[in-house]
Amino acid sequence: DYLNMLPIPASLIKKEFDKLCIPENVVNPFLTHKLECGKWVVDMSERSIGKTTNWLLLGMVMNKLYGTTACYIRQRTDMIMPKHSASLFKTIVEFDYISKITDGKYNFYKYKSRQWFYWNTETDEMAIEPFMYSLSIEDNALNKSSFNAPRGDLCIYDEFISRYNYQNEFVDFCDTLKTIIRERDSALIVLL
């Protein structure tokens, strides 16, 4: 019962998520999946219905409530480079979700060294801790001894079905998860 293992009750996470007033015509992780029923979630659908955005929002809410640092995973390193990640939070910024989640303290983000930080564009104040990391499966060997995410309890593998899969990709993905999760039982793995 994953959500009941969290230090914050699942009902509090859902209550905080519901405050964001997510439109009804997009994916809502709480409505489309019984998150308390497993460690792995496979969320597949047609494109452009808010899967990635709303799972990122869920990670941001979990960060607010108890410090979870979401881990956003893609297949290749170039997929997490700034030129390809620049619009990842476009909808989140457009709907002012960062301000809502941080109670007005921050209104934007900064992406530095594959880490996502809350940022206030007016005061130039940036959060000390990242709310999310970006990782690639391709960099698995590099991350093994140098990456630590003691609160990386939401692992989101975006676009996990690809036109091209390399040899042992799933093994490298599981190895990446091991690097993030270590021996914790609390992580939720989401494949989009």
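In this predicted model, E16, K19, K64 and D103 are joined in a network of salt bridges. One of the contacts is between the side chains of K19 and E16, at 3.3 Å from N to O. In general, side chains of opposite charge can pair when their charged atoms come close.

The count for the model comes to 10 salt bridges. Three of them are set out below.

| Salt bridge | N to O distance | Relative accessible area |
|---|---|---|
| K105 and E125 | 3.9 Å | K105 43%, E125 34% |
| K144 and D175 | 2.9 Å | K144 42%, D175 25% |

E125 and K105 form a salt bridge, their closest N and O atoms being 3.9 Å apart. This pair links distant parts of the chain, since E125 is in strand β5 and K105 in the loop between α7 and β3, 20 residues apart. The side chains of K144 and D175 also meet in a salt bridge, at 2.9 Å. Here too distant parts of the chain are linked: K144 is in the loop between α8 (140–143) and β7, D175 is in helix α9, and 31 residues separate them. K144 counts as partly exposed at 42%, and D175 is partly exposed at 25%.

**Strand β4 and its partners**

Strand β4 covers residues 115–120, and five of these six residues are buried, so the strand is largely enclosed by the rest of the structure. Its pairing with β3 (residues 108–112) is antiparallel and uses five bridges. Within this pair, Y109 stands opposite Y118. The two strands form a hairpin with two residues between them, and S113 in the turn has a positive phi of about 50°.

β4 also pairs with strand β5 (residues 125–126), again antiparallel, through two bridges.

**Strand β6**

What is the cover of β6 like, residue by residue? Five of its five residues are buried. M132, S134 and S136 point one way from the strand, while Y133 and L135 point the other way. In a regular strand the side chains alternate between the two faces of the sheet. Y72 has S134 of β6 as its bridge partner.

Helix α4 runs over residues 51–66. At 1.5 Å a residue, its 16 residues should span 22 Å, and its end C-alpha atoms are 23 Å apart, which agrees. The helix is mostly covered, with 14 of its 16 residues buried. G67, which follows α4, has a positive phi near 85°.

The largest nonpolar core has 35 residues, and those with the most contacts inside it are L57, M60, F89 and M132. Elements that give two or more residues to this core are α2 (10–18), α4, β2 (70–74), α7 (97–101), β3, β4, β7 and β8 (188–191). Which element gives the most to this core? It is α4, with eight residues. In soluble globular proteins, nonpolar side chains tend to be buried together.

**A nonpolar patch on the surface**

Some nonpolar side chains lie at the surface instead: V42, M44 and I161 form a patch there, with about 310 Å² of accessible area together. I161 is in the loop between β7 (154–157) and α9 (169–181). With a relative accessible area of 57%, I161 is exposed.

Terms used: Residues numbered from 1 in each chain as written. Predicted model: local features only at pLDDT ≥ 70, side-chain atom pairs only at ≥ 80, totals over all residues. Heavy atoms only, no water. Buried < 20%, exposed > 50% of the residue type's maximum accessible area, 1.4 Å probe, protein only. Helix = DSSP H or I, 4+ residues; strand = E, 2+ residues; numbered from the N terminus. Pairing = 2+ DSSP bridges. Expected span 1.5 Å × (residues − 1). Patch = residues over 30% accessible without salt bridge, like charges linked within 9 Å, V, L, I, M, F, W, Y side chains within 5 Å. Areas by Shrake-Rupley, 256 points an atom, 1.4 Å probe, with all protein chains shown as cover. Salt bridge = Lys/Arg side-chain N within 4 Å of Asp/Glu carboxyl O. Core = buried A, V, L, I, M, F, W, Y, C linked by side-chain atoms within 4.5 Å.
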